[in-house]
Amino acid sequence: MLMLRRFAPLVLGMLLIACGEDSTGPGAVDLRLVARSFDDLGLSRQRDGDGNGAAASQAAAIALRTGIRPARVRIAVDGVTEDYWAVEIERGFAGINMLSSVSGPFLGRTLVAWRGGPAERVISITVMGDTGTFSLMRYYGLDALPPNRILPDPAFGVMFDRGGPAHVSIDGGARSTRESLGAECVTPERESILEMLSSFYLPATCQRARFFTRFNMRVQEWPIGGLNAARTRVVEMAGQAVPGVRFEYQPMERR
């Protein structure tokens, strides 16, 4: 048993290495193992009070459960470029509008990238629409919003190392566009209660998709303004293709 525990991280790492988009990649069982590791990571981040890291971990788990294989991307942190695995989720919510210049239904895209197996570092960004700017997180009172409206930040990012503090975006910009839609994929049977926004109900449809995403952001250790307020880091990804899924949600019935 001890020997198995020692080699478990190595086995999981080999599974992740095999997750490229070639014909020798793992089957659905292997992807579920990786997804389960993100479930565990999400619960760990939640227990440590990092809701943003928990949501990023759960987003990766959900995307992997659809059968999407992550792709290799290159991301630089403080000028040091390394290989990461990445997937992306697009969520479209019918019947909900945005209070902004963007017309149409509420739309968000979340990229999750990680390195290590199990993941030792996770980087995630969420963009509302095709483009967005990172800024200090803002909070809005729900009672101040008109009915059937959501007022999101244009973009939000988080980076954390396993067991370390979360670093959240304070400035920069991102662009993420959907380049193509493919075949239907398996809709996840359940979503974690840790998943932000979409955890309230399951998606009605799931389609494979391909995105083109780039970003440049400065992140700062949370909480902003704390003892480590001056410790900022620069996280950058040049434009790269990222596989993923599009979830479409139908309006919730009023009770």
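Modeller: Gladly, and let's begin with a side chain.

Biologist: What does R218 count as at 32% relative accessibility?

Modeller: The general idea is a scale: buried is under 20% relative accessible area, exposed is over 50%, and partly exposed lies in between, using a 1.4 Å probe and the protein chains only. R218, at 32% relative accessibility, therefore counts as partly exposed. Before we go on, this is a predicted model, where local features need pLDDT of at least 70 and side-chain atom pairs count only at pLDDT 80 or more, while totals for chains, interfaces and linings use all residues. Residues are numbered from 1 along each chain as its sequence is written, and side-chain values use heavy atoms, leaving out hydrogens and water.

Biologist: Which residue does R218 meet in a salt bridge?

Modeller: A salt bridge here is a side-chain nitrogen of Lys or Arg within 4 Å of a carboxyl oxygen of Asp or Glu. The partner of R218 is D171, at 2.7 Å from N to O. D171 sits in strand β8 (residues 166-184) and R218 in strand β9, so the pair links distant parts of the chain, 47 residues apart. D171 is partly exposed too, with a relative accessible area of 27%. The element names follow DSSP runs numbered from the N terminus: helices are H or I with at least four residues, strands are E with at least two.

Biologist: How many salt bridges are there in the whole structure?

Modeller: A search finds 13. One of them joins the side chains of R65 and D39, at 2.1 Å from N to O. Because R65 lies in helix α3 (residues 51-65) and D39 in helix α2 (residues 28-47), this pair ties together parts that are 26 residues apart in sequence. R65 is partly exposed at 28%, whereas D39 is buried at 11%.

Biologist: And D50 with R45: are these residues buried or exposed?

Modeller: D50 is buried, with a relative accessible area of 7%, and R45 is buried at 3%. Their side chains meet in a salt bridge at 2.8 Å, N to O.

Biologist: Which residues are linked in a network of salt bridges?

Modeller: Look for E90, R109, D130, R178, R246 and E248.

Biologist: Let's turn to rings. How many aromatic pairs does the search find?

Modeller: Two. Rings of Phe, Tyr and Trp (its six-membered ring) pair if their centres lie within 6.5 Å; planes under 30 degrees apart are stacked, over 60 edge-to-face, and the rest tilted. F38 and W114 are edge-to-face, 4.9 Å centre to centre with 75° between the planes. F38 is in helix α2 and W114 in strand β3, so the pair ties together parts 76 residues apart in sequence. Both of these residues, F38 and W114, are buried. For F247 and Y249, the centres are 6.4 Å apart and the planes are at 85°, so this pair is edge-to-face. F247 and Y249 are both buried.

Biologist: What should I look for in the backbone?

Modeller: Most residues other than glycine have a negative phi, and most peptide bonds are trans. D78, in the loop between β1 (71-77) and β2 (80-98), has a positive phi, near 55°. D78 is partly exposed at 41%. The peptide bond from G117 to P118 is cis, with omega near 0°, and P118 is found in the loop between β3 (105-115) and β4 (121-128).

Biologist: How many helices and strands make up the whole protein?

Modeller: Three helices and 10 strands, and from the N terminus on they run α-α-α-β-β-β-β-β-β-β-β-β-β. Of the 255 residues, 46% count as buried. Among contacts between residues at least 6 apart in sequence, 69% join residues at least 24 apart.

How values were computed. Contact means heavy atoms within 4.5 Å.
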